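Trainee: I should like to learn how the terms used for a protein model follow from their definitions. May we begin with the structure before us?

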Amino acid sequence: MQEKDNRKPARKKKIRSYPIIILSVFYCCLLASLLAYVCYYAGNNKQELMNNSYNTRQQILLAQNTRGKILSRDGDVLAYTSLDEYGKEKRVYPYGKEFAHVVGYSTNGKAGIEASENYYLINTSIDLQDKVALDTQGEKYPGDNVYTTLDVNLQEVAFNALSARKGAIVVTNPKTGEILAMVSKPDFDPNTIQQDWASLLADKSTDAKLLNRATQGLYPPGSTFKIATALAYIKEHPDNYSDYKFTCNGKYTYEGETISCYHGENHGYVDFVSSFAKSCNSSFANIGLEVKRKTFQSTLKNLMFGEELPLTMNYNKSSAQLDDETESSDVMQLSIGQGATLVSPMHMNMITCSIANKGILMKPYVVSGVKSETGKEVKSYSSESYKRLMSEKESEILTTMMEAVVQSGTASKLKGLTYTAAGKTGSAEFNDSTSDSHAWFTGFAPVEDPKVCVTIIVEDAGSGGSYAVPIAKRIFDAYFGVE
């Protein structure tokens, strides 16, 4: 007889699938997040993606669209595309070198407005019926046109005033941020950029013709930097800054370091305003040492030294080195805009604009809008406040000081005109020899209701009052229609 097996059958082990499910869900969510981010980034950075040299869609668009025009604020054509005798497209710049750096070029890479607005220039927004009509004629679609804030008359005056000198000029509207003119020299002819490309790159001199000195050039600011030093002092002495007194004998020595006034000039007794108006290096070296490091540092930071600037075009950041370890000798150099301090003309123009606009900096812009060839609005830009660089009271004090520079100081060539002006000159030494200096001027007009701001640097020219101020007068005269 067979015995009965009372043993229970073995249970099958259940495979626990929870960790696998959790991991699957996690990776699915991760993938979904990645896809969402890619879509978001592409939607918000379509211009940057389109302008990328690896993006072949540019060539597809250019095969069906003709690159659009770039126009001035008054409708003058600054760049357009035409056909040469062989039927090949060629970019034409009617004003040649005059707008070279700000308008840029679209051959051998891109620069200026040609680069920043490439997305719109190679796209078209004409209506479907217009496309059909062009298709039947076998013609390409016209690209969208870019309208700028640039004033042809002011640009020509600035270009001619700088003449054969190296340097840069920036002209803006302080209340709106509109860039009215931007000149950089040495320059190049964008009409022949392709033929000249090799020689431009091979040039080993200091000309750097492709460099936009207005935004990318970094220079010692010289006495124009006294705007920053004065502002720091005002912040520490808001109610008694006018009590400042100093006696200048042409030089100032502290801890063995000597600062000399320009050409050793003896300014005698000066107060805070006259120190600024006469651009007394000795007095401002003393002022810089009196200002607390923390106050000076925060002032420079708020004036955007070492910070990003609100610009769409290529630029280099300015620098002003100051911390708790900075030697007194370096603080003295900093206070008069020398030593390791560097600034671009565009940055100095922004600081000046904030003074003219009650302490508020409007975001600089050079493109006012985009329209299709048939006039349909595609994109428009308007004035936008960027940040407050100083209080309204501080801007009023600095305006008074800059007006004194014209009335009784180094910019007296702007005195007694049909309009009022305020500004600051600078003679920035850039070599061991004190005879080598860049000529600066930055200012605005009219004082009572600023409408135009001008910043000028003329390389290796000498005194700002002698070389930069007359250029400023020509630009102010042109703006106000003075014959």
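Mentor: We start with a definition: helices (H or I, at least four residues) and strands (E, at least two) are DSSP runs, numbered from the N terminus. Residues are numbered from 1 along each chain as its sequence is written. This is a predicted model, in which local features need pLDDT of at least 70, side-chain atom pairs count only at pLDDT 80 or more, and totals for chains, interfaces and linings use all residues, while side-chain values use heavy atoms, with hydrogens and water left out.

Trainee: How many helices and strands does the protein have?

Mentor: The protein has 17 helices and 19 strands.

Trainee: What makes the protein more spread out than a compact globule?

Mentor: The radius of gyration is taken over C-alpha atoms, and the globule rule is 2.2 Å times the number of residues to the power 0.38. For 483 residues the rule gives 23 Å, whereas the protein has 30 Å, well over that value, so it is more spread out than a compact globule. Along its principal axes, the C-alpha trace spans about 130 × 80 × 45 Å.

Trainee: Where is Met304, and why does it count as buried?

Mentor: Met304 is in the loop between helix H13 (293-302) and helix H14 (328-335). Buried means under 20% relative accessible area, exposed over 50%, and partly exposed in between (1.4 Å probe, protein chains only). Met304 has 1% relative accessibility, and therefore counts as buried. Its phi is positive, about 75 degrees, although Met304 is not a glycine.

Trainee: Is Ala208 buried, partly exposed or exposed, and what is its phi?

Mentor: Ala208 has 37% relative accessibility, so it counts as partly exposed. Phi of Ala208 is near 45 degrees, a positive value in a residue other than glycine.

Trainee: Why does Glu394 count as buried?

Mentor: Its relative accessibility is 11%, and therefore Glu394 counts as buried. Glu394 lies in helix H16. Contact means heavy atoms within 4.5 Å; leaving aside neighbours within four places in sequence, Glu394 is in contact with Leu231, Ile234 and Lys235.

Trainee: What joins the side chains of Glu394 and Lys235?

Mentor: A polar contact is a pair of N or O atoms within 3.5 Å; within protein, one must be able to donate a hydrogen and the other to accept it, and residues adjacent in sequence count only if both atoms are side-chain atoms. The side chains of Glu394 and Lys235 are joined by such a contact, of 3.2 Å.

Trainee: How do you know what helix H16 should span?

Mentor: The expected span of a helix is 1.5 Å times one less than its number of residues. For the 17 residues of H16 (residues 392-408) this gives 24 Å, and the end C-alpha atoms are 24 Å apart, which agrees.

Trainee: What is the order of the six strands in the open sheet, and which are its edge strands?

Mentor: Two strands pair if DSSP finds at least two bridges between them. The six strands run in the order E4-E3-E2-E6-E14-E15, with mixed pairing. The edge strands are E4 (89-92) and E15 (377-380), since each pairs on one side only. Strand E2 (residues 70-71) pairs with strand E3 (residues 77-83) in the antiparallel sense over two bridges, and Leu71 stands opposite Val77 in E3.

Trainee: Which residues form the covered face of strand E9?

Mentor: In a regular strand the side chains alternate between the two faces of the sheet. In E9 (residues 245-248), Phe246 and Cys248 form the covered face, and Lys245 and Thr247 the uncovered one.
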